Amino acid sequence: MTPLTALLVRDMRIAVRVGGGALIGVLFFVVVVTLTPFAVGPDLALLKRIGPAILWLAALLASLLALDRLFASDHEDGSLDLILTGRAPLELVIAAKGLAHWLSTAVPLIVAAPLIGLLLDIEPPAQAGLVLTLLVGTPALTFIGAVGAAIAVTLRRGGLLLAVIVLPLTVPVLIFGVAAANVAAGPVPFGTPFTVLCALTLASLVIGPFAAAAALRLDIE
Amino acid sequence: MRISELANPSRFLRAANLAIPWLGGATAIVFAFAIYRAMLAPDDYQQGATVKIMFLHVPSAWLGMLCWGLMTIAALGTLVWRHPLADVAAKAAAPLGAAFTLLCLVTGSLWGRPEWGTYWVWDARLTSELILFLLYLGVIALWRTVEDPSRAARAVAILTLVGAIDLPIIKFSVDWWNTLHQGASVFRLGGSTIDSTILIPLLLMAAAFTLLFVTLLLAAMRNEILRRRVRTLRVLQASAAG
């Protein structure tokens with residue numbers, strides 16, 4: 001097993017075991033979506049119209065939940081120092097950790113999305129579009145968030161700061177994610193926002209690990 | 001004196017002390033002249049006197065964006081060249097950028113009320129400006145969270161650079177988002193067709209704003225250097241006492 005796969009497997013194990021909190025993200029997602037009708041009213045037509053937006057917003061907030069632990073727990077128990085001195089390139093290490101984070105927090109949420117969508121009366125074709133956009137868009141959230149997590153790794157109130165500095169940067173992902181998910185309602189074809197969403201994810205896959213690696217090196221230096 | 005010699009904080013302080021009164025005076029003169037010319041500028045045939053808000057609104061929008069550019073250069077200075085004054089400049093610039101962006105938002109709101117009948121619309125320009133403001137506040141929050149200035153500088157530098165990459169994408173996506181939801185019904189600065197009676201005061205005002213920005217930036221950098229010296233002295237004093 002290469003160091004990167006070992007790290008991936010380790011992070012996944014930590015996430016799913018007791019205290020890992022991988023499934024709390026899904027629970028949070030469900031709770032946020034459940035609360036929305038109480039705020040906007042039980043009008044099913046309205047909920048159907050704003051359903052994809054609600055799900056995307058809830059997914060965005062849920063992705064922040066475990067993010068502050070992405071490097072902080074490794075920093076606390078000293079394994080981050082081992083990783084930094086190891087031979088595996090830090091950028092790839094961060095990509096592996098990001099992948100583990102995405103698999104353990106975003107994927108359960110994407111699986112739950114169609115079920116939650118039923119409660120908001122989202123039609124099956126729109127459901128498929130929604131799941132596809134979440135599948136393609138959430139990695140961007142993880143990797144933009146990884147930069148914030150790396151910046152905030154040694155801070156005591158890191159989690160709070162993380163949300164404040166990361167959320168404005170995720171505006172493009174939210175815009176194109178919701179636009180592609182709203183395809184049934186809008187005049188714009190699915191392909192345009194969806195390809196831009198793919199581009200955003202690919203760009204953040206490159207920028208995220210490099211910026212996060214720079215931040216970690218400077219932080220621990 | 002070469003510009004690189006200013007990298008020494010003491011030399012910078014001397015140069016700044018010399019330059020700040022002159023720059024302040026120049027700012028006051030240019031402002032007086034620009035305001036005079038702005039007063040003389042004709043009212044808009046549709047908007048009346050409210051069009052004069054533009055003379056505050058547009059320069060502050062420019063300065064708000066220019067300031068992030070300056071912070072980006074300073075971030076490169078911190079990370080790449082390890083310039084000793086780069087992080088001082090970045091720290092001093094962030095509240096100024098936030099202030100100019102806020103000024104732009106507030107004047108825009110006050111202008112929007114009589115013209116559009118509302119303080120706020122989710123227009124592409126307004127929305128990107130609001131996000132820029134939030135990013136400035138995030139940067140300031142980060143500066144205020146990390147105690148050690150040099151560590152804070154490096155963290156902020158990375159956030160600034162990521163923001164500099166993301167800002168054009170945000171601008172583009174917000175433009176796209178807005179045109180998707182509503183047509184081009186909203187205010188747009190009438191292309192390039194601004195009459196010279198308005199354009200000249202506007203450019204004068206922009207010059208005055210830029211001078212003000214440079215003066216305030218130098219003063220804030222001077223304060224920051226002095227603040228750091230006080231901090232170092234306090235630490236030395238505390239360690240000597242302990």
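**Exercise 1.** Describe how helix 2 and helix 6 of chain A pack in this predicted model.

*Solution.* Two packed helices are described by the angle between their axes and the distance between the axes. Step 1: the axes of helix 2 (residues 22–40) and helix 6 (residues 90–119) of chain A come within 8 Å and cross at roughly 35 degrees. Axes are lines fitted to C-alpha atoms over the stretch in contact, with angles from 0 to 180 degrees between N-to-C directions. Helices are DSSP runs (H or I, at least four residues), numbered from the N terminus. Step 2: the crossing is right-handed, the near helix being turned clockwise from the far one by less than a right angle.

Residues are numbered from 1 along each chain as its sequence is written, and chains are lettered from A in the order in which they are written. The model is predicted: local features need pLDDT of at least 70, side-chain atom pairs count only at pLDDT 80 or more, and totals for chains, interfaces and linings use all residues.

**Exercise 2.** Is A:Ala146 buried or exposed?

*Solution.* Step 1: A:Ala146 is found in helix 7 (residues 124–151) of chain A. Step 2: A:Ala146 is buried because 28 C-beta neighbours lie inside 10 Å (buried: 20 or more; exposed: 12 or fewer). Step 3: among the residues A:Ala146 touches are A:Leu70 and A:Gly208 (contact: C-beta atoms, placed from the backbone, within 7 Å).

**Exercise 3.** Which helix of chain B gives the most to the side that touches chain A?

*Solution.* Step 1: 22 residues of chain B are in contact with 21 residues of chain A. Step 2: helix 5 of chain B gives the most, with 14 residues.

Terms used:
Contact = placed C-beta atoms within 7 Å. Helix = DSSP H or I, 4+ residues; strand = E, 2+ residues; numbered from the N terminus. Lists of a residue's contacts leave out its neighbours within four places in sequence.
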